[in-house]
Each structure stands twice: as structure tokens, then as C-alpha cells.
Amino acid sequence: MTNRRLVIDYVSRAGHRLAALQVLLDRESYADVVREAQEIVELSLKALLRASGVTVPQIYDVGAIVVRERERLPPDVRADAERMAEISKGLRKDREIAFYGAEDLVPSEFYGREDAEKALEDARWLHTRVASVVKPA
């Protein structure tokens with residue numbers, strides 16, 4: 001059984017985060033754009049999977065599951081499964097480093113405008129695709 005309210009909540013909260021990305025970009029907080037973009041993608045894909053009746057594990061990158069379960073997805077987004085998985089995988093790699101950094105890497109120095117704009121573009125595209133098929137009842 002799918003909790004429809006939870007699915008809609010995921011899409012809605014991802015949308016709120018998406019709106020916040022522009023503020024972060026304008027403030028040149030590029031590492032934060034990358035980190036938040038990952039969360040948008042994660043919430044959006046988990047909403048898509050839940051709406052499709054797929055059990056969602058508690059992991060950050062569900063892209064491989066989206067590809068594996070492509071036939072259960074709404075027909076309008078099945079062709080996007082590979083691109084969605086690529087975006088999820090790419091941003092997953094940056095999740096912790098964009099937030100915490102490392103002894104030899106300062107996130108604010110590592111990520112630039114181009115990184116942030118790409119993350120924003122990918123998150124926006126993916127969220128828009130998911131929101132187009134996961135709508136309030």
C-alpha cells in the first residue's frame with residue numbers, strides 16, 4: 001500500500017528546497033547548492049518509486065532501483081530512468097564532501113559556480129519530471 005500523502009509530501013518538500021537553491025546560488029554558496037540538489041533528487045526519486053508501488057530502501061542513491069523498476073514507473077517517465085539514475089549517482093558522490101569537506105578539501109573552495117549551476121539544472125529537470133507524474137489526487 002502506498003501512502004499517497006507521503007509521496008506528495010516528498011515532492012512538495014523537494015520543490016521547496018529547489019526554490020531555496022537560487023538563494024544559495026545568488027549568495028555564491030556553491031557547495032550548499034550541490035548538497036541540497038542531492039537531497040532534492042533523493043526525495044523526488046523516492047516519491048516516484050513510492051508512487052509506483054516500489055519499496056524504497058533507506059539509502060541516498062536509489063537511481064539503480066529506478067532503472068531496475070522502470071516498467072513500474074509511469075509511462076511518461078520510463079525513458080528518463082537512465083538519466084535520473086546518472087544524476088542521482090553523480091550527486092550522491094558529492095553528498096558528504098559538499099557538506100563536511102575533508103582535511104585536504106574545503107567545500108567552499110572546491111565547488112564553483114559551474115558545479116552549482118549543473119547541480120541546480122539537474123535537480124530542477126528531475127524534480128519537474130517527477131512532479132509531472134506524481135500529482136495530488
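Author: A residue counts as buried when its relative accessible area is under 20%, as exposed when that area is over 50%, and as partly exposed in between. The model discussed here is a predicted one.

Reader: Is Asp-122 buried or exposed?

Author: Asp-122 is part of helix H6. Beyond its neighbours within four places in sequence, Asp-122 has contacts with Arg-83 and Ile-87. The relative accessible area of Asp-122 is 8%, and a residue under 20% is classed as buried, so Asp-122 is buried.

Reader: Which class of accessibility does Glu-117 have?

Author: Glu-117 also has its place in helix H6. The relative accessible area of Glu-117 is 36%, which lies between the limits of 20% and 50%, so Glu-117 is partly exposed.

Reader: Which element gives the largest share of the largest nonpolar core?

Author: This core has 40 residues, and those that touch the most other members are Leu-45, Leu-48, Leu-49, Met-84 and Leu-126. Two or more residues each come from helices H1 (4–26), H2 (30–51), H3 (63–68), H4 (81–100) and H6 (113–133). With 12 residues, the largest share is that of H2.

Reader: With which residues is Leu-45 in contact, leaving aside its neighbours within four places in sequence?

Author: Leu-45 is among the core residues that touch the most other members. It is also one of the H2 residues that meet H4. With the sequence neighbours set aside, the contacts of Leu-45 are Val-62, Val-66, Met-84, Ser-88 and Leu-126.

Reader: How are H1 and H2 oriented to each other?

Author: The two axes approach within 9 Å, and their crossing angle is roughly 160°. Angles over 145 degrees count as roughly antiparallel, so H1 is roughly antiparallel to H2.

Reader: What is the division by class of the residues in the contact of H1 with H2?

Author: H1 passes H2 in a crossing that is left-handed. The contact between these helices comprises 16 nonpolar, 1 polar and 8 charged residues.

Reader: How do the residues of the contact of H2 with H4 divide by class?

Author: On the H2 side, the residues in this contact include Ala-31, Val-34, Arg-35 and Leu-48. Those on the H4 side include Met-84, Ile-87, Leu-91 and Phe-99. By class, the contact has 11 nonpolar, 2 polar and 6 charged residues.

Reader: What is the phi of Glu-28?

Author: Glu-28 is in the loop between H1 and H2. At 55% relative accessibility, over the limit of 50%, Glu-28 counts as exposed. Most residues other than glycine have a negative phi. In Glu-28, by contrast, phi is positive, near 60°.

Reader: How far apart in space are Val-23 and Gly-53, C-alpha to C-alpha?

Author: Val-23 belongs to helix H1. With a relative accessibility of 47%, Val-23 is partly exposed. In sequence, Val-23 and Gly-53 are 30 residues apart, and in space their C-alpha atoms are 34 Å apart.

How values were computed. Residues are numbered from 1 along each chain as its sequence is written. This is a predicted model: local features need pLDDT of at least 70, side-chain atom pairs count only at pLDDT 80 or more; totals for chains, interfaces and linings use all residues. Side-chain values use heavy atoms; hydrogens and water are left out. A nonpolar core is a set of buried Ala, Val, Leu, Ile, Met, Phe, Trp, Tyr and Cys residues joined through side-chain atoms within 4.5 Å. Buried means under 20% relative accessible area, exposed over 50%, partly exposed in between (1.4 Å probe, protein chains only). Helices (H or I, at least four residues) and strands (E, at least two) are DSSP runs, numbered from the N terminus. Contact means heavy atoms within 4.5 Å. Axes are lines fitted to C-alpha atoms, for helices over the stretch in contact, and angles run from 0 to 180 degrees between N-to-C directions. Angles under 35 degrees count as roughly parallel, over 145 as roughly antiparallel, 65 to 115 as roughly perpendicular and the rest as oblique. A crossing is left-handed if the near helix is turned anticlockwise from the far one by less than a right angle, and right-handed if clockwise. Ala, Val, Leu, Ile, Met, Phe, Trp, Tyr, Cys and Pro count as nonpolar, Asp, Glu, Lys and Arg as charged, and the others, Gly among them, as polar.
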